[in-house]
Amino acid sequence: MALLEVKDLHTSFFTDAGEVKAVNGVTFQLDRGKVLGIVGESGSGKSVTAYSIMQILAGAGKIVSGSIVLDGMELVGADEKVMKHVRGNKVSIIFQDPMTSLNPTYTIGKQLMEAIMLHTKRNRKEAWDRAVEMLKLVNVNEPEKRMKQYPHEFSGGMRQRVMIAMALACEPDILIADEPTTALDVTIQAGILELMKDIQKQIGMAIIMITHDLGVVAQLCDEVIVMYAGGICEQGTADEIFYNPRHEYTKGLMRSIPTTSNAGRKLEPISGTPIDLLNMPEGCPFAPRCDQAMNICIHRKAEKKVINSEHYAACWMNEKPN
Amino acid sequence: MSDKSEMNNTAAQSGEEPIIRVSHLKEYFPINTGFIRTKPLKAVDDISFSIREGETLGLVGESGCGKTTAGRTILHLYKPTEGDVFYRGKPIRTKQDITEFRKHATMVFQDPYSSLDPRMTVADIIGEPLDIHHMYGSKQERRDKILELMDRVGLNSEHAARYAHEFSGGQRQRVGIARALAVDPDFVVCDEPVSALDVSIQAQVINMFDELQDQMHLTYLFIAHDLLVVRHISDRIAVMYLGRMVELADADEIYDRPLHPYTKALMSAVPVPDPKVARANQRVQLKGEIPSPLNAPSGCPFHTRCPYAADVCRESMPAFEEVEKGRFVACHRVKEVN
């Protein structure tokens, strides 16, 4: 049985301007010890999918329908007490900006120990030891000294390491990383990605990596989900998605990024602008920007089609006889 | 790209004066370190290089390396602490020089949200440089010029009366570019112009920079931290570290065969969007973190993190020297390392 099963998830934000369907029928599974990348542009619903799993949606956001089963337990409709146990113990999350995620008025040690004591039955002494152990795990030098320091004494990369330490202190089954390296410099980013890979191998937790950067996905992920306008376009192993993309949006993305092989050639951008979630078209949401769009694309959404055992795509182009 | 580099070669051969020449440029900011005591923060510390007519020079480095300050100081948005900037062989020193220079050299900013005045219409934002430099005879001429600029950057002329908040990030960046092009410049400093944009929009804007360069014969100083984007758009690339330039070379050369140890580390850290390349990549690890520019190390600023550091690196600053034709490196041990 898969560790996490998300089925036909719909999450909406109810705003004055109307219902914004941020996540619109998302289905996927995550096995133990796997690294799943969710890629997409701003507003594609990648973060909201993750926040729905944790149920940390902002005020106007609500899970409308669908199911999220974690380790055999249904989370949609679960009460807050259950969710409190799930968060931290079962699923942890780290965010993009490590500065705003830490409280500037408490020491790093106090914040780490607070998380540990809240979720496990350790006393102060044991929590201290555990916190030091976690800082060692994320390669923070002189952990005992660093425990007594405040967030402003840490660099951006070091703060993100602290956040990872905090997220992993209670040995969750899943770590959700929401653009964890976007705010960091490349050499620091490479360090954090390597750290996540190493720890993942050591501890064996699953990771959901949310990012807009296909480079980050290529470094870290076993499986990839490509999202557009709240839905999944394509899903498969990293190699399948990168070397055999079968959705026009994924193909467009691959053509529009500068890589080592297309240097000097012109990029082929995706035309048009991202979709307005308040006015979703009836057919495929990508159809208005798609060069290959056919009549059917405008009128009907494509069903998820099996390309092979490791690869699904929702694009009418795959139905077209060659 | 190929015709561009040919153009550069001919320019180099004929010994033409570069469009921009930067000579020993320094920009120090005073930082208060106590009661009336200040200490200089050496944001840009003695950089020298030239930009040839029609080329794109990429400027890369990590946060705090001084790349943005370098761009702004070249345009004299900051008064240089020391050193000179020459535009077509003429030094820019007096106030008149600067005003004249700004008719030829402009800037595109990173953040398309905070770099546009929310109370001005798009037409007025684009027209402001024209007003400042008195570059039109009649209202009609001004209007025509604005509409022509909007058309060039792919904005609909019906949007002239709208405000910045009505546009998406990509469209705002187009407004910022139209404003930079209003005075018909020949040199544009682009400071992280695509970093805030989504991937699909980013490609549209990058292509537009390319097209505008051909149409309007522009020379770019392209500052960015995304190394793949910089490689794509640049003819040559300069790498900065702690306010100094450590390497300057042809764009492909610097990627395929970096010579400075810092450039090696930087290039190997680039997350390449290709799983097979990523799996095969051997990363050059750097120890520690970038030191504060307030307490820059003695000697070579990179020696604290350099895997090849020797005594000479700790004691004296390496010169920024031409080690191969057109290739500059600031490293004492460049021969031993490579």
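Because the model is predicted, local features need pLDDT of at least 70 and side-chain atom pairs count only at pLDDT 80 or more, whereas totals for chains, interfaces and linings use all residues.

Residues 1–14 of chain B have a pLDDT under 50. For this stretch the model has 18 contacts (heavy atoms within 4.5 Å) beyond four places in sequence. Where pLDDT is low, the predicted coordinates should not be read in detail.

Helices (H or I, at least four residues) and strands (E, at least two) are DSSP runs, numbered from the N terminus. Two strands pair if DSSP finds at least two bridges between them. In chain B, four strands form an open sheet in the order E2-E1-E4-E5, with antiparallel pairing. Strand E2 (37–51) and strand E5 (90–91) of chain B are at the edges and have a single partner strand each, so one side of each lacks a neighbour in the sheet. Within this sheet, strand E1 (residues 20–34) and strand E4 (residues 82–87) of chain B run antiparallel and are joined by five bridges. B:Arg21 has B:Phe86 in E4(B) as its bridge partner.

In chain A, strand E6 (residues 91–94) pairs in the parallel sense with strand E7 (residues 174–178) over four bridges. Opposite A:Ile94 stands A:Ala177 in E7(A). Both faces of E6(A) are covered. A:Val91 and A:Ile93 on one side, and A:Ser92 and A:Ile94 on the other, are all buried (buried means under 20% relative accessible area, exposed over 50%, partly exposed in between, with a 1.4 Å probe and protein chains only).

Helix H10 (residues 261–268) of chain B has eight of its eight residues buried, so this helix is largely enclosed by the rest of the structure. Among them are B:Pro261, B:Tyr262, B:Lys264 and B:Met267.

Over all chains, the structure holds zero disulfides (pairs of cysteine sulfur atoms within 2.5 Å). B:Cys313 is in no disulfide, and the nearest cysteine sulfur, that of B:Cys300, is 6.0 Å away. B:Cys313 is buried, with a relative accessible area of 8%. For B:Cys331, the closest cysteine sulfur belongs to B:Cys306 and is 6.2 Å away, too far for a bond. B:Cys331 is also buried, at a relative accessible area of 16%.

In chain A, A:Arg32 forms one with A:Asp71, the closest N and O atoms being 3.2 Å apart. This pair links distant parts of the chain, 39 residues apart: A:Arg32 is in the loop between strand E2 (18–30) and strand E3 (35–39), and A:Asp71 is in the loop between strand E4 (61–70) and strand E5 (73–74) of chain A. A:Asp71 is partly exposed, at 32% relative accessibility.

In chain B, B:Glu324 and B:Arg257 form a salt bridge, with the closest N and O atoms 3.0 Å apart. These residues are 67 residues apart, B:Glu324 in strand E11 (residues 321–324) and B:Arg257 in the loop between helix H9 (251–256) and H10 of chain B. Both are partly exposed, B:Glu324 at 32% and B:Arg257 at 36%. B:Glu324 and B:Arg257 also belong to a network of salt bridges that includes B:Glu247, B:Glu253 and B:Arg327.

Another salt bridge joins B:Arg314 and B:Asp311 (3.2 Å, N to O). B:Arg314 and B:Asp311 lie three residues apart in helix H12 (residues 311–315) of chain B, about one turn of the helix.

The contact between the chains takes 35 residues from chain B and 42 residues from chain A. Buried area, the accessible area (1.4 Å probe) that two parts lose on being put together, summed over both, is about 3,400 Å² between chain B and chain A, and carbon and sulfur atoms give 57% of it. In chain B, B:Val199, B:His232 and B:Pro273 lose the most area to chain A, together 18% of what that side buries. Three salt bridges are counted between chain B and chain A. One salt bridge brings together the side chains of B:Arg279 and A:Asp239 (3.0 Å, N to O).

Technical notes
Residues numbered from 1 in each chain as written. Chains lettered and ligands numbered in written order. Heavy atoms only, no water. pLDDT = per-residue confidence, 0-100. Salt bridge = Lys/Arg side-chain N within 4 Å of Asp/Glu carboxyl O.
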